[in-house]
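Trainee: Could we take a close look at a single part of this model and at what surrounds that part?

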Amino acid sequence: MKPIEEGIKHLREQAGNYVRKETTFLDSPAFEIAAEGIVEVCRNLNEGPGKFDFLAALTAVDYFPDRPRFKVVYELLNSSQPDLLRLEVLLDESEELDSISAVFPNANWHEREVWDMFGIPFRNHSDLRRILMPQDWVGHPLRKDYPLGYEEVQFSFNFDEIDRRKRYAKE
Amino acid sequence: MGIEQKLGNLGFITTTLEQAVNWARKRSMWPLASGLACCAIEMMSTQCADYDMSRFGMEIMRPSPRQSDLLIVAGRVTRKMAPVLRRLYDQMPDPKYVIAMGDCCSCGGIFNNYAIVPGVDEVMPVDVYIAGCPPRPEALLHGIMTLHDKVMNTKLDRWA
């Protein structure tokens, strides 16, 4: 059996109660995991026969008017085989999630980015603060209800009126 | 300039103090190495062999703002970087000049969102804007020569 199938079998045996749904997309399996079991599942996949030792991605998706609102996506990779496994956790507006930086140390900064951009807090995280935006920024930019933040484009027909309103530094 | 135009080569030149000071200032401007993004690559290639910036007196890019008098803002300025850039500008001694190189620091460029400052002239006063994404080295040199013309035309209003 390929290592990925062994790993999935091990997951279903040991921590199968956390797995809610299994889907496949383009030959790559995806599991929907309950929020409280994510550390257990990651540890299982990391130390089990599948040997998923590399966290390739940790991001989130915002489906704004739908509930549950956020989906946190983990992509695990076995470094010796070209096999990608996806874990998804569905979360609501202010729910917290356990940090997996004990299992995969590179999740530290990925979780900081998810906190910065989406506002999903992680429990047991060593240093949860903003990583991309300035420290005193208010709001979480990649949410769907965050404004785009653009300014009006200055063409030649409205050049003067925008020029009057625009902020220029004086000395 | 001066009487040697009429009397021929007497072994000295005469000029005004203003022109002499401006000539010295334009011919020995030291830029600060403040490349932020892709335009910095073009700035580096302008400094190097083929399009030499040392011909214009900009021999080295000084790493410290205290020792430089030209700030070439090359690249997009994010909201997080803007106070840092302002602090660099404040640390430069007078007379100082700012060139906004490229589209992103002149007007925001192709970006129009929450993260990029639309034009570095919201942060500091700019002398010369150079368009281009990125501007070719010839364009940067043309901008530097435009700055030289501006420096030659400034009046001496302070004795410092």
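Mentor: Helix 3 of chain B lies across strand 2 and strand 3 of chain B, and runs at about 130° to strand 2 of chain B. Contact here means that C-beta atoms, placed from the backbone, lie within 7 Å; axes are lines fitted to C-alpha atoms, for helices over the stretch in contact, with angles from 0 to 180 degrees between N-to-C directions. Helices (H or I, at least four residues) and strands (E, at least two) are DSSP runs numbered from the N terminus. The model is predicted: local features need pLDDT of at least 70, side-chain atom pairs count only at pLDDT 80 or more, and totals for chains, interfaces and linings use all residues. Residues are numbered from 1 along each chain as its sequence is written, while chains are lettered from A and ligands numbered from 1 in the order in which they are written.

Strand 2 (residues 70–74) and strand 3 (residues 97–101) of chain B run parallel, joined by five bridges; two strands pair if DSSP finds at least two bridges between them. A74(B) stands opposite M101(B) in strand 3 of chain B. The open sheet has four strands in the order 1-2-3-4 (chain B), with parallel pairing.

Helix 3 (residues 39–47) of chain B also packs with helix 6 (residues 137–152) of chain B, at an angle of about 75° and with axes 9 Å apart. E42(B), M43(B), S45(B) and T46(B) in helix 3 of chain B meet P137(B), L140(B) and L141(B) in helix 6 of chain B.

Technical notes. Two residues are in contact if their C-beta atoms, placed from the backbone, lie within 7 Å.
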